[in-house]
Every structure is written in C-alpha cells, then in structure tokens.
Amino acid sequence: MAMDSGTGEQSHRAHRSRHSGASAKKKAKDKNKNQNSDQKQQNPKAFAFRSNAKAKRLQSRAVEKEQRRLHLPVMDRSYGELPPFVVVVQGPPQVGKSLLIKTLVKHYTKHNVPEVRGPITIVSGKQRRLQFVECPNDINGMIDAAKFADLALLLIDGSYGFEMETFEFLNILQVHGFPKVMGVLTHLDKFKDVKKLKKTKQRLKHRFWTEIYDGAKLFYLSGLIHGKYPKREIHNLARFISVMKFPPLSWRISHPYILIDRLEDVTPPERVQMNNKCDRNVTLYGYLRGCNLKKGTKVHIAGVGDFSLAGVTGLSDPCPLPSAAKKKGLRDKEKLFYAPMSGLGDLLYDKDAVYININDHLVQYSKVDEMGGTTHKGNKWDVGEALVKSLQNIKNPIDEKLEKSKISLFSQNPSNSLDAEGLKTDSDEAPKLIRDIEPLEQYQSDGKDDDSDFDEGSADSDLDDSKSSDQDEGVQEDSMQNTEGRNFERNADASELLAQVMEQVEFHSGRKRRKAIFGDGVDHSNLKGTDEENEGDKYDDHDEDNDDESTEGTESCSGSEFSDGDNEDLKSDEDGMGNISKWRASLVERASKKQNINLMQLVYGKSAATSNASVNEVRDDSENEESDGDEFFKPKGQKAKNLKEGSDGENTDTEDCSKSTSFSELKNWKEEEVYESVRDRFTTGDWSKGALRNQMSEARTEEEDDKDGDFEDVETGDKFGSHKEDDDAIEERRLKKLALRTKFDSHYDGSEAPEAETDIQHGGKFHRSQENDSGYYDKLKEEIELQKQINIAELEDLDETTRLEIEGFRTGMYIRLEVHDVPFEMIEYFDPCHPILVGGIGLGEENVGYMQTRLKRHRWHKKVLKTRDPIIVSIGWRRYQTTPVYAIEDQNGRHRMLKYTPEHMHCLAMFWGPLAPPKTGVLAVQSLSNNQAGFRIIATACILEFNHAARIVKKIKLVGHPCKIFKKTALVKDMFTSDLEVARFEGAAIRTVSGIRGQVKKAAKEEIGNLPKKGGQPREGIARCTFEDRILMSDIVFLRAWTQVEVPQFYNPLTTSLQPREKTWQGMKTVAELRREHNLAVPVNKDSLYKPIERKPRKFNPLVIPKALQADLPFESKPKNIPHRKRPLLEDRRAVVMEPHERKVHALVQHLQLIRNDKMKKRKLKEEQKRKEVEAQRAKDEQVLRKRRREERQERYREQDKLKKKMRRHAEG
Amino acid sequence: MGKITYKKLKGSQNMRQRLLLATLKSTPILIEDIHADDTLPGLRPHEISLLYLFEKLTDDCLVEINETGTKLKYRPGIIVGGSNLLHDCGLTRAIGYFLEPLILLGLFARKPLAIILKGITNDSKDPSVDTFRSTTFPMLKHFGVPSEGLKLEIKSRGVSPHGGGEVHLAVPTVQHLTATMWTDEGMVKRIRGEAFTTRVSPQLGNEMIYAARGIFNNLLPDVYIASDYRKRLEAGSGNSPGYGISLVAETTSGCCISADTTISYTRGNEAEDIEGEDKKELIPASDVGEKIASVLLEEIEKGGVVDSTHQGLLFLLCALCPKDVSKVRVGKLSPYGIETLRQIKDLLDVQFVIKPDPSTGTVILKCWGSGMKNLSRKTT
C-alpha cells in the first residue's frame, strides 16, 4: 500500500522466514512433497504405466471429464454498453447489510449514504458500473432479488454461524439460474480467542464450500472501526467485485427485465382527488437488462401483475460511464452515483413528496447574480438554484401563460388530440413541476457548450418533458419570447403528433436530432422569427435543431422557398462552429434514409396505422359465452364504428394466394435481345458481371438509394454519396477483419479471444487441450461469434430510428416505462427498501395452462407434500399460488397420481398457471411468514412441458356381487350404476377374490336379477359376466381400472406489493391449516382402521365315508373295526435285568454324575455371592454419584436464577 | 379462467398467415367481416378446411364461428403434430394452399409431423406439390431445418374439378431456426422440372417439355424435365383429366427459382355446374410449355434468392428466427409478400428494413428475428 517514493537506495529489511508456527509447518510439508516428487523423477521407470488398458481408461476418463466441464456456448446478444451489474447484499437481519453497502459506496464515490433505500448505482471503474441492492428480509423479497442479482454477497454473522436465510437464498439462487455468489463473514470482532476465531472461520468456510463448490470465496470482515468496516478490507472486497465475470444466465438473456430505481405516480391529480383509490398511472425507471425490449412487449411487475406498456422511452444515462461522458468540471463528481430512492442525486424520495437537496454553499438567492450567472457559471447551476430563480423571474403568472399558449395553439393546429393533451398537461402541471427538474438540470449543463450532446432525457422526449423545457425558457427569456418559443415547441410536438410519429431521438455527430415525419405541411413561418431573435442565445442550438427538422419536413413535403432561408440561417450559425461538411453529410444521409422509409412506408403504411391496430383489442370473457353471442349480432354500422382501424379502404377479403403469375403480359423470350438481357444470370453468361451483381449491391445499397430516388439535390448527393461509399467500404472491411480475427482467435488461442471471458474459470490447460481437438464446441463458438459480428455489422449501418423500430430498446439503456391502471395499493404501500422487478413476458408466456414439472421435495423440509395442497411457486418472473397434483411415471408411460410426494425421489407435479418455457426452474414455498422456524423452501422443480390437458390417472376398483349364477356365467350387480356404464366397460377384465378371472359381457337383459319390483323400471347396471370357472354367490367380483384425475384450474398471483410489506400474504389455506383453525379432527373411516386379526383354529370334521362307497372298497382300504385295548402290550410291560459288569458300569456313571452336579452347584453358589457383592458396591457408587450430581445441578440452577434476576433488574432499571 | 384478450382483425385476407402466426405466438384472434358483403357470406370451404387442419394439429384449440360465418374466434392451442394424421383438403383449393402453413407449424410442433393430405395436388392458383419438393424444401435448409425428416411423396395426382390426389408429408421438428444471410443469388446453372399428365395422353406432356426446352436452349444446355404420366387410377391418377408442368432453376449459390402451372377444367361456380359441364377449350400443351418457361425466365430476370411465390414463406421464416439479423434478397416485392410483411408486423411485432438495390432491381430485406422457440417440445 505505502510505497516508498522514489528513493531506490534505501536498504530494505531482509525477509525472515518463519521457524515455527503454521506457515513454517506448511512450508516444511511442501518441501517434503517436493523431495518426494524429485525422488519420483529419479526413477521414472518405476512410475511408468504398466497396463495398456489402464492407461487407455485413464485417458478416456480425462477426456470425458474435460467434456463434462464444457458448457454449451450461449450467445450474448447485448451489443451496446452493459447495464450496471446488480450486486445484491443479502443476509439475515442485523448482520450488517446496509453498512456494507454504505462502506462500499463510500469506497467508490467518497460520499456518505445516509440510508440505503432502493438500488444505488455507482461507477466503479472505467468500464464498469455497479448497482447495489439490499435484499429485503422476507422470502418474497429474496425471491425477487435472486431473479435480478448478478452477484450475491451473502453476509453471515460469524459469531452466530449460518442462518436459514442464507441457505434459503442459496437455494433460490440455484433455481433461478445460479449467479455469482460470494460469502462475507462479519461480526468477527466478537471472538476474543484467536484460536476459536480461526476454528470458526475454517468450519464456516468448509460448510460454505459444501453448499456451493470447493474453493468458493468467503470473505472475512474483521470488526468495525469507527462504525465502519476497515478500509483495507473493503478495498480488497471491491477489488474482488471489480474483477468478477458474470456468466450469462439462460432465462435472463431471453427476457428483458428492469430493476426499478425510480418510480413515480403520474395519475392526473384530479382523478386521485375524486377517488383516492382509483387505478394509477405510474412511470418506472431503470436500466434495461437481459435482452432487447420491444414496444409491444407485456411486462410483469413482480408482486403486482401483468401489464401492457403504455409507453417506453429511452432516457439519457443518469450515471454514465466516465469514458462516455464529457468532462464538465464539477458535475462529474456527482455523476458517479445515482440513487433516487435513497435521496441521492439531489432528489430525496418520500412516500408522497419529493424533496430536493441543495448544498448551502451552492445557493445564492440574489437576483443580481442571475445576469452574471448566465455568463460565467451557466453550467454550474444547481437544480435548486434554477428552481428558485425560476420562481423569482416569473413575470407572468403561470395561468396567464398557459392561457396564451393555449389560444395560439388552437389557432395553429386545431387538432383534437392535441387539445386533449394540452388540457391534460395543464392540469397536472403542478405536480410535474418537481418531476421535471432532472431534465431541466441537464439543460442547464448542456446549454452552454454548443454542439455538445443534448441529452435524450432532457430532449422533450414526450409531452411532459417538452413542457419542462418550456418552463426553462420561461425562466431564461422574457415572457413574450417565452410564449412564442413555447408555441414553437408545442408546434413541433404537434406536428409530430399529427404525423403520428413516435418521437425518436438520434444522435448525429454529437448532436441530438429528433426525426419527425410529417403527415402534412405545418406552418413554420413564425418559427423563423423566434429563431433569429434567439440567435446567439443560449438556446440557439436547440432551436436550430428543431429548425433542422422543420427544414427536413418542408423539404420532403413541398420544398417551399423559406426552407432555403432556413438553411442559410443554419449555415451562418454553423459557420462559426466550422462544421458545414458535417451538416451537409447529415443532410445527405437523412435524404437517403428518407428513401428507405419510403419503401418501408409503402409496405407498412403510416407507422401509426399499424401501431393503432395492435392497440385495438377486445376484452372478452371466455366464461361468459352468452355475452359473446350478443356481440355477434350487432348491427353492421355499429361494428364498423368499432373497427376504426380498417385497412385503408382496401378490400379485406382478397383471396389468399401466394402465386401471382399471369400469362397475359409475358415478354417474347424467343427474341434474341430479350433473352440476351438475362444472359448474365446464367452460367453461360458473363461470370464476372454476375459476381459483380452480388458484390456491388452488398456494399453500395445505401448510396444507390440516393441516386435512384427523387432526391432533388442530385449534385451534392453524388458528391457526398461517393465519399460515403468509401466510408462504407472502410467500415465493411473493418468489420470483416474483426470477424476474421475473432474466427482466428477462437481457432487458435482461446485465452485471447473475447469470448474467453465467458469461461474464465477454465484454466490454461483446458485451452491448450482444446487446440488439438477443435471439435464441435469450437465450431459452435465460432459460429456464434460470427453471427454476433454479422448482427453488429448489420445493425450498425441502420439509423437510430429504424434500429429502434426493428430491434427495440437495447440492453443497457436507461428507460422509462409508463404503465396505466395499476392498483393504487402499489403506490400506497410502496417501499423503496423493497426493489421492484419488472420482467418482460416472452412469447406465449401470458397464456395459462397445465405445466408438468419434475419436482423434488427439499431434503430439509420436514414433511412430505400432499397432492392438492396449495403451494406458492416462483417461475420465471412470476410468483403464484397453485394446487399441484403429484404423479409418477409408470413403466408403461402412465402417469399415476401420488397422494404424497416420495421421500427422497423426484416425482412429477402437474399444476395450472401461466405457462413458462420448458427447462425453467421452479421454486416452491408454502408459508411466507418470517417467524417460521424451519426451512421455508419446500421443493424445487424444473418444467418439462406444458399442456392444455392434464393426463394423470389413479386406480379405481369397482366392486360387485353376483346376483345370479348360471354355469360359468353370472349376473353381477352393484358394480355399475347404469346400463350405459356397463356398455362402456364391455370386455373389461374382472376377477373374484378367489382368483377366478372373467370378463364383462353386456348389460343383463330383463332377467331374474333385475326384475322390476312392483312394476317399476327394471334395475339398471347389472352386467352379464363370464368366468373361467363357476363362481360362488359369496364371491366378490372386482374390476380394476384407471380413472382420470382432474388437476384444479387454480392459480392465484401473489400480490405482495399491494399490501403493507410487513403483512404476510395470505392465500388459499391448506386443509390441515383449516382444520387446525376450526379445531376439526381428521375424518376417519372406521372400516379403514386396522384391527387385530383374529383367526380361529379351524376345526375339521372327521372324514366320513359313505356306506355305499365303503361297501365297494377292497378289504385293505376298508376302515376296520379294531377294539380299544385295556392293557398295554407285553413289550411295554417286561422287566430289565442287568449283568454284574453292566451294573458296575452303570453305578460308576451315576457316581460321576453326582460328583459333577455337586461341583456345579457349589460354583453357582459362589458366583451368586460374588455378583451380589458387586451389585452392592455399584449401588453404593451410584448413590454417591447421584448425590454429587444433584449438588452440581443445584449449584447451576442457583447461578442461573441469579443471572436471570440480574437481567430482570437490568431490564426494569 | 380470467379474461382472454382477443386480437381483433378484419376480413378474410391472409387467413393462413394470421392463423399461423396466431398459433405460433399463441395469441387469440378474432376475425370479423369475413366475406361479409358477398352474396354468399361467411367462410369459404377451404378456410373451414384450414381451420380443421389447425385443430387437428393442435391440442385444445378453440374455434368459434358465428351463424353466418362472418366472424371467427380462434384461440390457439399447443402445436402437437404427430404421425398418422389424415386431412381432406377439399376441392376448392389445392394442397399447396395448406402446405405453406403446415410446414411451418410442423417445424414448431411437439412431435414430428407425418400427415396424409388428400385433394387437388396441382392447381394454377397455388404452388404445386412438385414445387414444394423441388424449391420449398431446399429453401428451408437455409434456415437450419434438417433435410432428413423433410419428405413429400406424391401418391396420386389430382387436379380440379374432382381432385383425388394424395400426398404424404413428413416434417421434422426444430428447436429453433437459424438466422441466415442469404443475399447471394448466384447464376443459374441448371434447370430441372417435372411435367405430368393425368387421364390424358402422355403426348401432351412431351409437347410441353419440348416447348419449354426450346426456350431454354438459347440460354442453358443443362435442362432436364422429367415426365410423370399417370393414365389410370391404379397408377395414381386423380379423378379428373389435366396436365401441368413445374420448373425450377438452380443457381450456383443454391437458390431455387420455380414456376409452375396446371391446366385442367375449372370447377367454376356452383351455378355453372348445375347447368351442365360445357367444357371450355384448354390451352394447348405446347403453349403451356412455352409460357411457363417464359414465366421462369421472368422470375430469373427479377432476381432475388427466391421466386415471387415463395417470398411470403421466406419472410415468415426470417421473422421466426432467433433474435439475430437475417438478410435476404428478393426480386420485386410481390403483393402477397407485402401482405405477409404486414401480417408479420401486426402479429409478430417484427419489422423489416426494406432497401431497394437499384443496380439489380432487387430488394434487400433485413429483420431482427422474433426469437421464436419450439416451446412445445418436451424436455427429458
């Protein structure tokens, strides 16, 4: 850190290597290792491979591992400046999140942030901006934060250890595409013991590694210094953040999204006054991320719902990169950060008001200063100052001005729409006054240096903003001019409106240009006057811009004489600046552009006509079909009125034919000059000409346009056209070179190629191995890079307006979204601490349907999940509650319903909701409350497919009883309820309990089984079945079948932004919750309960052989009548007499046995005694121990009690 | 559940593209005033047949037509595709009318599509099935469609008025198309074609071939026109007599430019049918050959990577690409192409940059694809 300045001769202290301690040990170990390896190399043969097969296997394994490490290359379609990376700081409460943000902001910008509310954008380096967001502590906030985080800093209280929030957040991150994660350990100063601290760090680090990957970065912040983290450590952390690479995440690169850093309510105030709870119009500001946003895209505001955009405008970057911005002295310092919600950037955001911060030393209220101010410190003016001055300077009251302006407005363009607009803007002038300060400020700064870039934001991009500039003028000039200039402004806007051009801003040679396509000529004669008067004035530049437009307009329409005059004007103006050629070039370019638009206009008509059509939509209730019917039969005239758009009076019923050849006007291709004309299009013709045909048009399309069209100024067009061609060619060559280079790079050395950024984690070794097998992967990468270069090249040569039209707003732009009819609760309960996420909805994602997901219950969630219990899922941008049905796929592809999720297995879950594309991650939670102890994430899933019908089945067992049995046929009742049902099951296999198989034949005719009782209808639902054997009346017949399970069509979007944030969102309750609430027992079917099985021993009757049969039997088989004996047989009764020798042996054996028995008895006695003794001893010991324990416990309780009392006393005190 | 917002459209024009784009983007549409001012108001039989076809290929789509048939409500389902499908295209329009949307639908279906289409195979209004085989399929290759699964077999040929043709179509599925820079039109290196006759003398076919070759011979030696003569029902002739020819010019850069026509007795209006079939004279075969060759030469003269018939399909393919820039060159914009561009803008929100290239008299179109992906495909 502290470098010695200059003096090289100063001697440094030599390094003293450690002789003891951890590092010394480590070194010793390393040394040993090295030695070992050296030994290895001394005898290389000993370690060479011996088995050929083994070596092969190892090699293939290595290759496989390498392949597994590869990721499918993803195309990054963001071409412009990158938006700031979002750094989400997450952690349990009281862990130091805001403090970390504050210190980081302080580190980067040298500014103190009073409090962290909403995203804070800062410039962290020349090419990098960061946006810090504090993650709210509730699960909804965490889910949303995980969706926009590029980097998540997980703050962990080191003194406490991990908390559930961290793991929950990690899981959420994993599901929504794993962004970069870094752990930060805080509260390490709580440890007094160094050893313990080390141990804890080690333990936490390893736990963290198991959760993410081995070697994941865990940062330690040791304690606080003056209530801030140590500078050194923050510096290091900032370094880590600044070198971090952010891999593209598949969901995010396919959807546009915006993290809102400014929100404003633009509802007309009288509407709010009339009804405080009316739907509001809001504007949302933020950087566009993900992919390009087209105008027609629908958006989802997380926690609110889906909305179509009422307007999108690109604004100037409030926090530009230093390389892009021009040096403007003091202001640069302030532009390093931007956080409107935190009260930075001069605006302090409050719930219902906006306050302006003005530093005291910047404010000077004297009026004399104004004159001087314009001359020497025009660009140093502060916002507040400008405002105050504007208040001082007003000569005419605002209402008077308005009146005037309105009158003149009417006299010039009596357009209804404009009138309405005017009224509207009048009415909401007051509240907008404050809103408009920002653009105004930019005006001030830009006004002085002419030819500087006019910020888009200030550039009256819509009516509101234009008004702001009005006010500005009102401040600066005297009132007459003011009104005129204002009229002029209005006029320009009006003409834009008339032509129905969405205003677009283009940059040309550092100047802002608004292109306007006029539908008809608007009288601009009065503009000239103002222009001349304003010459040399501050606003000269601006007016001139507008004049440019007017010239363009008039030229294109009528080419009236005063346009020339205007040009003169401009020239004289710009002579001073010395850039005529630029101006000329721009004119030519614009003319050429006009050509393209003409052809595009031919196809697309007036740009407004089509956009109108897309807006014109009918809302229709799908359920209420009757009302549709009414609509079907409306009088014809009325219908026509509804459909204003029409199609330019064309016949709308033209036949749909792709072929449009007619034989009538064919040339005679037999004539020589006719067929020779196409000779060059054949291989028999001139090849060089044919090749030229392709090449020429590639390079010179734009230039050709000029020549071809009805461009009046042919001379200049030619002159500049040729010049431009050169430029084009140069550009083309440059791009080709670039593409070639990238191709080369990707081929040979990945480490230098730009796309290597994406896989920085793969080391050099990996790249080296890539060289030899430039396989599929490389080819893919190359293709992607080539496509990217092509895209850039093709888009670059479009002008800004067309580009916006065809590709939409680019990522990295600061844009303003206007959304209408938002529930008022969003504004009322708006809390800047809860960031708002606005995500674009992709193709087909607004539709609802069934989704099939592969789901696994989280292993930390204690219970299994029950089918049809509502769960809250987070898919894509959305969060909603739905009722899934769990299923599992059987061997034969059948989806069998499960009542509960399996314990440790994946299962299928089918639910109803807004569709999301396959492979999207799904996260499920059941309870949103913060005071739940356990783990809140219940399951994670992944979408497999979506369907409009759910195909889940469950087993059904139909039970019947025979009511009549013929030989092998039986009539079965109770199985079906009607004959129709029987007909449905004809041929179905059935079975009795005893295992006799059979088949359903037909519904039984009127037979004994279903004879009507007392002259009624015959009983229905009796089936005739056949079996493989005769069944018994006592048999029960089963039919086993599958039945469709219906998945409830229920989903309930989470509207957490429409209620106080601290309130827990309550949706549909689970059955268990309802039972608990209402104190209901779980219903039990008594028959389903298990009872002890009683099995009586079976008694068999004696076998009785019929007499007739007995008589026929042969004698041996006949049962014989043997009388029962009274006395035992002789053999049993006889006495045994032993020999003398035998007797002796017998006696000896008896004696020996006696001796042994006696011995055993004695031993047993002895053992008994011993055991008793031991037991007694043990009892004694036990008693002593118990006594000691009791004493110990008493002591402890006493101490605890004391402590508690002390605490209580403290609390009371 | 909830409200469905229908996009309101008017008139029966471009019904195919509208239905196709609505299905691909899954936007419900409501078309009003369909042939409202005609003497016979309401949907035409082929339009109804088209709706049936869409219903067959999709899962849970909703089609509602009011009593007069002038109003159509269409809520698309999920494109399923599948094999063993059969569709009778009717006799008002040829199979070519149905093939154009069908191919695109098949690409974005869940399962590969295999369908049997019955009806009129060759017609003067719609591109013939031969053209699809020779020109349309190679065109798809430029957009990354694998050529393996793509197949069209002509089992029997049917011409108007009685049809009787049968083709077997197989279309593979893709995850997404790939954007293309297709501006090199190349030079025509060979001309191929196929002449067919059904229930007429094969001599007519030979006459057509001879006449067409006569025109091309001045320009190119490599001309080969195959013949396909089907006289009897067993040999795959349809129910009506007719003859026609389909030509395709292949260029050095792999572009195919086609022209085709068919001569048969027209169906005419119902009223005429009742009066009895007074057979009008057909154009002689040699004239047909000459004319179609001239048409092809004119298409070649216009330039562009596709002929005017395929412009619509080309634009649709470009618009359905991922979010990359596609650039194509076509000859003079055909009315159908322009209509398609409008529909694309309206329904898919994709706008083309159209630049004329006066040196060649062609038009270069650029677009930023809509980012369409095959969402109905199941992941494992």
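## Packing around one leucine

Leaving aside neighbours within four places in sequence, L314(B) is in contact (heavy atoms within 4.5 Å) with M139(B), F143(B), W182(B), V305(B), V306(B), V328(B) and V330(B). This is a predicted model, in which local features need pLDDT of at least 70 and side-chain atom pairs count only at pLDDT 80 or more, while totals for chains, interfaces and linings use all residues. Residues are numbered from 1 along each chain as its sequence is written, chains are lettered from A in the order in which they are written, and side-chain values use heavy atoms, with hydrogens and water left out.

## Nonpolar cores

A nonpolar core is a set of buried Ala, Val, Leu, Ile, Met, Phe, Trp, Tyr and Cys residues joined through side-chain atoms within 4.5 Å, where buried means under 20% relative accessible area (1.4 Å probe, protein chains only). The largest such core has 92 residues, of which L177(B), L314(B), F315(B), F352(B), I354(B) and L365(B) touch the most other members. Its largest share, nine residues, comes from helix α3 (residues 95-107) of chain B, helices being DSSP runs of H or I with at least four residues, numbered from the N terminus. A second, separate core of 45 residues includes I156(A), F169(A), I212(A) and V925(A).

## Interface of chains A and B

The contact takes 118 residues from chain B and 106 residues from chain A. Eight salt bridges are counted between the two chains (side-chain nitrogen of Lys or Arg within 4 Å of a carboxyl oxygen of Asp or Glu), and the side chains of K366(B) and D797(A) meet in a salt bridge at 3.1 Å, N to O. On the side of chain B that touches chain A, helix α7 (residues 285-302) gives the most, with 10 residues.

Definitions and conventions:
Buried < 20%, exposed > 50% of the residue type's maximum accessible area, 1.4 Å probe, protein only. Helix = DSSP H or I, 4+ residues; strand = E, 2+ residues; numbered from the N terminus.
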